[in-house]
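Me: I should like to go through a structural model by question and answer. Please keep each reply brief and end it on the value or name requested.

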Amino acid sequence: MKIIRLIVAIAVIATMGLTTHAEQHQCHNASGCTATTTSNGKPKIVVFRRGDIVNTSSGWIVNPKNGWRKIQTSTQPTEL
Amino acid sequence: MNVNREAAPRPEEPPNPLSLLRQLVRVEALFVVVLVLVAVASFSERRPERSDVNGPASAKLDEPPPRRLPMEGAPGLLVARDEPPTPETSARVAVAPDEEATERAGAPALAGSVDSPRRLQASLATVVGRVRTTLGARPAKRASVELSVWRAGAPFEAPPELLLVRTDTDGNFRAQVGAGELRAIAWTEASTGAPTLLTLAPGETGELELVLAPAAPVGGRVLDPAGRPVAGAAISFWTHAERDVVHTATDGTFLHPRFPAGELLQQVRVTADGFGATVRYLDVDEDGSWELAPRAAGEAPLRGTDAPWLELVLVPELAVTGRLASSTGAPPVVADVRAEGYVHVLPDVASLDAASVRVARDGSFRIEGLRSDVSHALFVEATGFARLALEVPAFPDVVEFHVVEVGTLQLEPETSVVGVVIDGEGRPVVDIAVELELRATDEASAHSSDGLDAGVRFESRTLATRTDGAGTFVIDGLTADAWTLRVRRDRDALLERELELVPGEARRDLVLALPVEALVLIGEVHDATGAVAGAEVALKRFGDVTSVVTDELGRFRIAGLDAEAAYEVVARGPARDGGSPARAHSLVWGWDRPTLRLSD
């Protein structure tokens with residue numbers, strides 16, 4: 001059973017790595033949104049205002065449940 | 001009449017739970033799919049869900065087009081600049097019958113609007129709460145409590161209604177607020193606490209308990225680009241509290257006593273007359289160490305272990321002036337101009353720098369309060385005319401207040417599209433997203449992205465709205481171009497139509513039929529006495545999908561659902577005297593026929 005769970009975890013991580021390319025997400029929650037990043041090897045939770053945009057290419061982790069929506073802009077994602 | 005009706009058969013049985021993975025096969029490498037199949041096999045009870053959601057949970061709510069974003073200089077914050085809500089000053093404000101001290105901002109409905117008293121009362125809710133300290137759980141006497149309310153169905157860019165109340169000697173407070181999403185934050189002279197969120201229905205009474213912890217004082221100095229101190233600048237930790245503002249002294253120094261230490265990175269916001277807003281990220285740990293995060297790659301963070309001391313340099317303010325006129329030279333009757341730019345606040349994070357104004361009777365406008373070091377998009381919306389967008393470049397070298405004149409902007413007559421969305425049985429589809437995307441590609445232009453200019457522009461080529469209770473929609477202000485029309489419930493477009501619009505044309509004959517394979521959720525809401533009319537039924541999947549109201553027989557109908565994911569459905573009965581509405585909750589699939597039974 002442990003092996004199956006390990007395979008599951010690897011599968012999920014691999015899938016996330018391939019499906020979450022450099023994307024821009026905008027905070028749509030009226031009362032703000034949180035996102036997670038890593039600083040000096042430790043996870044950091046950051047508070048955003050409605051309208052703020054994050055680019056996930058450098059490791060930001062956002063969750064739609066926290067009010068993030070993927071958006072389309074006229075720049076290349078790496079520019080943000 | 002142009003009807004787009006797909007002939008695909010309705011599925012006889014619920015789809016296989018692995019169908020989403022089939023989509024994955026198209027885009028992902030084969031080895032990943034094999035691994036995921038193993039994953040699904042071990043969790044066969046769970047179905048995958050999609051991450052994107054559409055629209056707010058309100059019928060008749062216009063989904064704002066992507067280019068309409070919230071403004072930074074919200075009215076509530078402007079009030080806060082004039083009257084910093086320190087414990088010393090907040091006692092000067094109006095006193096409500098059941099509140100010891102109350103201050104409102106950005107709440108036109110409460111400050112005397114055209115609403116009748118009965119209607120106004122019906123849109124209100126009550127919040128009662130208690131504030132205590134973490135040390136000994138003692139009641140926090142005379143604590144300030146900021147209540148921010150975002151009304152259900154309000155536009156995306158609408159600022160919150162702000163209410164500041166004080167606790168009594170037992171640490172209790174009570175206030176009437178607008179129904180909607182509520183955020184409460186409390187503080188005393190040297191302590192503050194994490195925000196608490198609450199959703200309130202009209203007539204509902206919600207309860208809160210706020211806990212305060214010792215806060216970290218943050219000092220610093222605000223300077224202009226030449227290094228001179230700026231007096232009267234307003235400093236707030238505005239991702240935490242809107243109204244907890246302090247101002248700089250004549251030497252530009254400030255001391256804010258309440259940074260929420262040891263929790264999250266918060267945005268420090270500085271505003272001052274003649275300067276654009278500056279936002280920085282500050283992190284203060286419980287051990288007193290702190291870090292002011294860099295704004296761009298290559299910039300070094302500022303760190304310390306003593307009390308934080310920030311040197312914040314402002315940028316000159318930019319104002320944009322111009323005039324609107326029709327082809328005959330006449331000014332528009334009603335028009336709004338909005339400027340939007342994005343500035344780096346972290347290397348991969350951009351914050352909105354925006355302002356908007358109503359155009360004067362002679363067609364002139366002047367937008368102030370923008371940062372001069374980032375470029376902005378200028379959007380014009382005038383009744384009866386097509387929307388207009390243009391670029392205002394950055395002026396990174398100016399050292400003082402700068403005005404840019406864009407001249408006379410000529411408005412073209414608008415075209416409009418009116419239609420109705422129906423489901424596979426010919427019934428109107430309520431509260432579904434309808435989008436129009438401009439097919440021309442020459443509008444997107446290169447943008448500078450030097451320094452802190454994020455260079456982000458939303459595609460102003462996409463407009464969106466939602467159908468009303470009769471399934472109809474209107475999109476106006478369109479240019480005479482080629483457009484692609486899409487109807488969307490959750491993520492993928494349910495149907496698509498190409499439109500060629502000519503100048504001044506109003507297309508009023510659009511009947512958009514959803515494909516028959518789009519599922520229709522039909523259900524009923526009951527209580528102990530039978531069917532409940534007028535109950536609110538909200539559908540959620542990673543957020544709000546739609547919201548409808550039951551008919552006189554307690555029935556509801558939501559069309560255009562995805563066959564490959566479960567939805568959360570929440571029913572709420574009508575408001576009752578002296579109590580909160582009864583609720584019901586269920587997890588459903590699009591083909592289900594649920595009966596939700598309300599309970600207290």
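Me: In which sense do β1(A) and β4(A) pair, and over how many bridges?
Reply: The model is a predicted one, in which local features need pLDDT of at least 70, side-chain atom pairs count only at pLDDT 80 or more, and totals for chains, interfaces and linings use all residues. Residues are numbered from 1 along each chain as its sequence is written, while chains are lettered from A and ligands numbered from 1 in the order in which they are written. Strands (DSSP runs of E, at least two residues) and helices (runs of H or I, at least four) are numbered from the N terminus, and two strands pair if DSSP finds at least two bridges between them. For β1(A) and β4(A) the sense is antiparallel, and the count of bridges is 3.

Me: Which residue of β4(A) is the bridge partner of His25(A), and which residue of β5(A) stands opposite Gln26(A)?
Reply: Strand β1 (residues 24-27) of chain A also pairs with β5 (residues 68-70) in the antiparallel sense, over 3 bridges. On that side, Cys27(A) stands opposite Trp68(A). The partner of His25(A) in β4(A) is Val54(A), and opposite Gln26(A) in β5(A) stands Arg69(A).

Me: Are the residues on the two faces of β1 in chain A buried or exposed?
Reply: In a regular strand the side chains alternate between the two faces of the sheet. A residue counts as buried with 20 or more other C-beta atoms within 10 Å of its own, as exposed with 12 or fewer, and as partly exposed in between, the C-beta atoms being placed from the backbone. Gln24(A) and Gln26(A) lie on one side and His25(A) and Cys27(A) on the other, and all are buried.

Me: Which strands stand at the edges of the open sheet of 7 strands?
Reply: The order of this antiparallel sheet is β5(A)-β1(A)-β4(A)-β22(B)-β21(B)-β24(B)-β25(B). Two of its strands have a single partner strand each, so one side of each is left without a neighbour in the sheet. These are β5 of chain A and β25 (388-392) of chain B.

Me: Which strands stand at the edges of the open sheet of 3 strands in chain B?
Reply: This sheet has mixed pairing and the order β14-β11-β19. Strand β11 (residues 216-223) pairs with β14(B) in the antiparallel sense over 5 bridges, and Ala216(B) stands opposite Phe259(B) there. The edge strands, each with a single partner, are β14 (253-259) and β19 (309-313).

Me: Where in chain A is confidence lowest?
Reply: Confidence is given as pLDDT, the predictor's value for each residue from 0 to 100, and chain A averages 70. Over residues 5-21 of chain A pLDDT stays under 50. Where pLDDT is low, the predicted coordinates should not be read in detail. The lowest mean, 42, belongs to helix α1 (residues 2-19) of chain A.

How values were computed. Two residues are in contact if their C-beta atoms, placed from the backbone, lie within 7 Å.
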